[in-house]
Amino acid sequence: MKRIFLFLLFLLLGFSWSALAKMSKEEFLKKSPHLMKLIETSGGLASFEGFKDIGPLYEVIIKTVDGKKIAYITKDFKYLIIGSLYDKDIKNITQEKVRELNKIDITKLPLNEALIYKAGNGTKKIIVFVDPFCPHCKNLINYLKTQNDYTLYMYLFPLNEKSKEVALKIFCSNEPIIDAYLNATKLENPCEDADKKLEAHLNVAKSLNVRATPFVILGDGLNFYGMNQQMLEEFFRK
């Protein structure tokens, strides 16, 4: 009897998974009026990317101008849940998944156009977008000075005209880029091709929809805004 029960259970689950696998994005969206309304009222700034069965809920991926986001829908399609899910160890599984979804392939970036600094063997790669007057950017760069085996690719992303004037000078310094950045206000006049170099940096920032500084991309593609020392320490420990 027990074997028969288990067989029927597996058969039922198999039918359930099969039905889910056959459900198209369009069919899923029709069953989710709350999700449809969310997309429709975004003014074209959001789109439905797909869904996944994660047990008690459906995980829904929404693409926005700020990257991919995650929402959840109950299995009966009654409720749309926006927010983070935590596991029993109080780990934010939503945050981790969003970071994975928004990884950046650094091989597609024009790293040769960045300002480059190599520490030690330069094994680990880290890309940063910084403003000359950004205090968190300076904290980030000072933290990197304490590490000894990485290659830094720095893109200048001035947020105002005053920052732009200083950024242009950084391109022309003969100092190591980390020192030039930290002492940027003491640098002399910019060189002839500084405007062209800055334009290239701004184009890279635009292609990634960078909105603020510091913006950090780690060698594995994970990225974040701000001075996230925990993520940096985990990256350098690997």
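Mentor: First, the labels. Helices (H or I, at least four residues) and strands (E, at least two) are DSSP runs, numbered from the N terminus. This is a predicted model, so keep confidence in mind. The average pLDDT of the protein is 90, and 91% of the residues score at least 70. Residues 2-20 are the stretch to treat with care: pLDDT stays under 50 there. For that stretch the model has three contacts beyond four places in sequence.

Helix H8 spans 194-207 and strand S8 spans 215-218; Pro214 lies in the loop between them. The peptide bond from Thr213 to Pro214 is cis, with omega at about -5 degrees.

Now the sheet that S8 belongs to. Five strands make up this open sheet, and their order is S5-S7-S6-S8-S9. The pairing is mixed. Strand S5 (115-119) and strand S9 (223-225) are the edge strands, and each pairs on one side only. From one strand to the next, the twist averages 20 degrees.

Look inside that sheet. Strand S6 covers residues 124-130 and strand S7 covers residues 150-156. The two run parallel, joined by seven bridges. To find your place, take Val130: Leu156 in S7 stands opposite.

The other sheet has four strands. Its order is S1-S2-S3-S4, it is open, and the pairing is antiparallel. Strand S1 (46-53) and strand S4 (80-81) are at the edges. Each has a single partner strand, so one side of each has no neighbour in the sheet. Strand S2 (residues 57-64) and strand S3 (residues 67-74) run antiparallel, with eight bridges between them.

Ile90 is not a glycine, yet its phi is positive, at about 60 degrees.

Last, a helix pair. Helix H5 (residues 135-144) and helix H9 (residues 229-237) have axes that come within 12 Å. The axes cross at roughly 25 degrees. Angles under 35 degrees count as roughly parallel, and H5 and H9 are therefore roughly parallel to each other. The crossing of H5 past H9 is right-handed. On the H5 side, Leu140, Tyr143 and Leu144 make the contact.

Notes:
Residues are numbered from 1 along each chain as its sequence is written. This is a predicted model: local features need pLDDT of at least 70, side-chain atom pairs count only at pLDDT 80 or more; totals for chains, interfaces and linings use all residues. Side-chain values use heavy atoms; hydrogens and water are left out. Axes are lines fitted to C-alpha atoms, for helices over the stretch in contact, and angles run from 0 to 180 degrees between N-to-C directions. Angles under 35 degrees count as roughly parallel, over 145 as roughly antiparallel, 65 to 115 as roughly perpendicular and the rest as oblique. A crossing is left-handed if the near helix is turned anticlockwise from the far one by less than a right angle, and right-handed if clockwise. Contact means heavy atoms within 4.5 Å. Two strands pair if DSSP finds at least two bridges between them. pLDDT is the predictor's confidence in each residue, from 0 to 100.
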